[in-house]
Amino acid sequence: MQSFTQTEIKWMIGALQEKARAYHEAARMADNTSNNSLDGSLYRLREEQFNAMVCKLQKVLDGKSRRVEITL
């Protein structure tokens with residue numbers, strides 16, 4: 001079994017937030033440079049997915065959940 005410290009989870013959250021911001025910026029740029037917003041939509045979807053992971057990990061830090069399950 002693998003375990004993570006609170007510090008490691010904070011690092012993961014920070015990295016995920018940074019990536020979500022990058023996707024947000026990419027979506028904004030795609031919308032400004034093209035009439036076809038498919039690229040922007042895909043970037044926004046990825047941003048939402050990263051933010052959802054942040055939310056789940058933040059619940060662990062807040063003590064609302066003490067169990068993390070990784071399904072393959």
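Select Asp 31 and Arg 44: they form a salt bridge, with their closest N and O atoms 2.7 Å apart. Asp 31 sits in helix H1 and Arg 44 in helix H2, so the pair ties together parts 13 residues apart in sequence. A salt bridge here is a side-chain nitrogen of Lys or Arg within 4 Å of a carboxyl oxygen of Asp or Glu. Helices are DSSP runs of H or I, at least four residues, numbered from the N terminus.

This is a predicted model: local features need pLDDT of at least 70, side-chain atom pairs count only at pLDDT 80 or more, and totals for chains, interfaces and linings use all residues. Residues are numbered from 1 along each chain as its sequence is written, and side-chain values use heavy atoms, with hydrogens and water left out.

Next, check the surface. Asp 31 is partly exposed at 31% relative accessible area. Arg 44 is partly exposed too, at 30%. The scale: buried is under 20% relative accessible area, exposed is over 50%, and partly exposed is in between (1.4 Å probe, protein chains only).

Now select Arg 28 and Glu 25. Their side chains meet in a salt bridge at 2.3 Å, N to O. They are three residues apart in helix H1, which means about one helical turn.

Move to Arg 67 and Glu 69. This salt bridge is 3.7 Å, N to O. Arg 67 is exposed at 65%, and Glu 69 is exposed at 55%.

Finally, color the buried residues of H1: Ile 9, Ile 13, Leu 16, Ala 20, Ala 27 and Ala 30. What do they pack against? Helix H2, residues 38-61.

Definitions and conventions:
Helices (H or I, at least four residues) and strands (E, at least two) are DSSP runs, numbered from the N terminus. Contact means heavy atoms within 4.5 Å.
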